[in-house]
Amino acid sequence: MEAGLSWGALSEPEWRVLRGLLPIYAKDRGCGRRPEQNRSIINGILWRLRCGTPWRGVPPKYGNWNTIYRRFRRWSEAGVWEAFSVTLAEIMVESGHYSIDSITVRVHVSAAGGKGESSTRS
């Protein structure tokens with residue numbers, strides 16, 4: 001892990017790819033100041049999504065929680081997260097890296113069907 005980065009923070013190569021996908025031009029980002037700390041904001045968003053805390057619980061080292069929330073919402077509406085997903089998937093395919101996610105869900109015995117019912121229906 002690079003010095004100064006928190007667990008799960010964007011690495012330099014990741015940031016180089018993603019920063020070009022952010023809406024930084026006035027017509028794309030709405031009114032307000034030009035965003036200069038997008039990397040920290042994204043790290044704050046990732047921290048919040050990973051931990052599942054309320055937005056107010058995001059540590060101050062990532063910036064003001066309200067700014068982080070507003071950017072997340074604005075970027076969601078602008079399709080930034082979809083662009084991130086597509087770009088990262090394309091990079092993974094081009095580099096030969098694939099990720100398969102699996103979740104195992106156990107069903108309670110009472111959810112398997114009524115008493116005496118078989119699992120196959122004719």
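Colleague: How many salt bridges does a search of the whole structure find?

Modeller: The search finds 1 salt bridge, a term for a side-chain nitrogen of Lys or Arg within 4 Å of a carboxyl oxygen of Asp or Glu. This is a predicted model, in which local features need pLDDT of at least 70 and side-chain atom pairs count only at pLDDT 80 or more, while totals for chains, interfaces and linings use all residues. Residues are numbered from 1 along each chain as its sequence is written, and side-chain values use heavy atoms, with hydrogens and water left out.

Colleague: What makes the meeting of E12 and R39 a salt bridge?

Modeller: The distance from N to O between the side chains of E12 and R39 is 2.4 Å. The limit is 4 Å, so the pair qualifies as a salt bridge.

Colleague: Which parts of the chain does this pair tie together?

Modeller: E12 belongs to helix α1 and R39 to helix α3, so the pair ties together parts that are 27 residues apart in sequence. From C-alpha to C-alpha, E12 and R39 are 10.0 Å apart in space.

Colleague: How do you know where a helix is, and how many helices and strands does the chain have?

Modeller: Helices (H or I, at least four residues) and strands (E, at least two) are DSSP runs, numbered from the N terminus. The chain has 5 helices and 0 strands, in the order α-α-α-α-α from the N terminus on.

Colleague: What makes L22 count as buried, and which residues does L22 touch?

Modeller: The relative accessibility of L22 is 6%, which is under 20%, so L22 counts as buried. L22 is found in the loop between α1 and α2 (26–29). Contact means heavy atoms within 4.5 Å. Not counting residues up to four places away in sequence, L22 touches W15, N38, I42, W75, V80 and F84. The C-alpha atoms of L22 and G79 are separated by 9.8 Å, although these residues are 57 apart along the chain.

Colleague: Why can V17 be part of a nonpolar surface patch?

Modeller: Patches are made of residues with over 30% relative accessible area and no salt bridge; like charges are joined within 9 Å, and nonpolar side chains (Val, Leu, Ile, Met, Phe, Trp, Tyr) within 5 Å. V17, in helix α1 (residues 12–18), has 32% relative accessibility and counts as partly exposed, so V17 passes the 30% limit. V17, L88 and I91 make a nonpolar patch of about 200 Å².

Colleague: What lines the second largest pocket, and which element gives the largest share?

Modeller: On a 1 Å grid over the protein atoms alone, a pocket is an open set of points with protein on both sides within 12 Å along at least five of seven lines, and lining residues have an atom within 4 Å of a point. The second largest pocket is lined by L10, L18, I42, L46, L49, F72, W81, F84, S85 and L88. The elements that give two or more residues to this lining are α3 (38–51) and α5 (80–95). The largest share, 4 residues, comes from α5.

Conventions: Areas by Shrake-Rupley, 256 points an atom, 1.4 Å probe, with all protein chains shown as cover. Buried < 20%, exposed > 50% of the residue type's maximum accessible area, 1.4 Å probe, protein only. 1 Å grid on protein atoms, 1.4 Å probe; cavity = no way out; pocket = protein on both sides within 12 Å on 5 of 7 lines; lining within 4 Å.
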